[in-house]
Amino acid sequence: MNAQAPQAASLGADIRALRKARGMTLADIAAQLDRSVGWFSQVERDMSEPSISDLRKIAGCLGVPMSMLFAHQSAPAEEQGYVVRAGSRRPMGSGEEGLIEELLSPDLTDDFEMVHSTFAPHSQMQEPANRPTQEVGYMVSGRLNLLIGGREFSVGPGDSFRIKHEPYQWSNPHDEPAVAVWVIAPPVY
């Protein structure tokens, strides 16, 4: 018996995974979009293609940057769902705070996501985040200051840390970039 490769993730599959991770129903999103539940269901099943305006509204409902919905790169068929090449990572966010993030996971359909984060020198998170997630980070290079649940930490290469349903902030007051790999459950991007 031949084991079949998992079906490549699609825009619809990622939208469905993000919606479910936020505890939203088809009806919740359809109402916010002023569209029918049937139409949104077809988008999630890749049977209907949303317009740019629809994608902007969907990203807003899900609280993700629009780049997450645009950046579906075509990987060779034998690699889809398995491998993400360095030059094909999906960018996330705008980088305005000095943080550049890229999705390391092949898609958003797992119970977690892996993210590659580069923190620019002398950058910092402007507002604390408090997500309903469990996150573990591993420092690849550079140093990062963290404020997690009111406690301060400084982490460097080889160090790891966990954030579990508590407010956090980061800063890189140093002269070189800091690079970390994060595992986040459930997916939030």
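**Before starting.** I reminded myself that this is a predicted model.

**Entry: helix 1 against helix 3.** I began with residues 11-21, which make up helix 1, and residues 37-44, which make up helix 3. At what angle do helix 1 and helix 3 pack? I got about 115°, and the axes are 7 Å apart. Next I listed who makes the contact: helix 1 brings G12, A13, I15, R16 and R19, while helix 3 brings F40, V43 and E44. Sorted by class, I have four nonpolar residues, three charged ones and one polar one in this contact.

**Entry: what is buried in helix 3.** I then checked burial along helix 3 and wrote down W39, F40, S41, V43 and E44 as buried. F40, V43 and E44 were already in my notes, as they touch helix 1.

**Entry: helix 2.** Which residues of helix 2 are buried? In this helix, residues 26-33, I found I29, A30 and L33. They span an arc of only 100° around the axis, so they sit on the same side of helix 2.

**Entry: D34.** Helix 2 is followed by D34, which lies in the loop between helix 2 and helix 3. I noted its positive phi of about 60°, even though D34 is not a glycine. Is D34 buried or exposed? I have it as exposed, because its relative accessible area is 71% and the cut-off for exposed is over 50%.

Entry: Moving on to strands, I traced an open sheet of four, in the order 4-9-6-7, with antiparallel pairing. Which strands stand at the edges? They are strand 4 (123-124) and strand 7 (151-155). Each has a single partner strand, so one side of each has no neighbour in the sheet.

**Entry: strand 10.** How many of the eight residues of strand 10 are buried? I counted six, so I put this strand, residues 178-185, down as mostly covered. Then I went after its partners. Strand 3 (residues 113-119) pairs with strand 10 in the antiparallel sense, over seven bridges. Strand 5 (residues 134-141) also pairs with strand 10 in the antiparallel sense, over seven bridges.

**Entry: a cis peptide bond.** In the segment after strand 10 I came to P186. The peptide bond leading from A185 to P186 is cis, and I noted an omega near -10°.

**Entry: H122.** My last stop was the loop between strand 3 and strand 4, where H122 is found. H122 is not a glycine, yet its phi is positive, about 60°. I also looked up its surface: H122 is exposed, with a relative accessible area of 55%.

Conventions:
Residues are numbered from 1 along each chain as its sequence is written. This is a predicted model: local features need pLDDT of at least 70, side-chain atom pairs count only at pLDDT 80 or more; totals for chains, interfaces and linings use all residues. Side-chain values use heavy atoms; hydrogens and water are left out. Axes are lines fitted to C-alpha atoms, for helices over the stretch in contact, and angles run from 0 to 180 degrees between N-to-C directions. Helices (H or I, at least four residues) and strands (E, at least two) are DSSP runs, numbered from the N terminus. Contact means heavy atoms within 4.5 Å. Ala, Val, Leu, Ile, Met, Phe, Trp, Tyr, Cys and Pro count as nonpolar, Asp, Glu, Lys and Arg as charged, and the others, Gly among them, as polar. Two strands pair if DSSP finds at least two bridges between them. Buried means under 20% relative accessible area, exposed over 50%, partly exposed in between (1.4 Å probe, protein chains only). The arc is that of the directions from the helix axis to the C-beta atoms.
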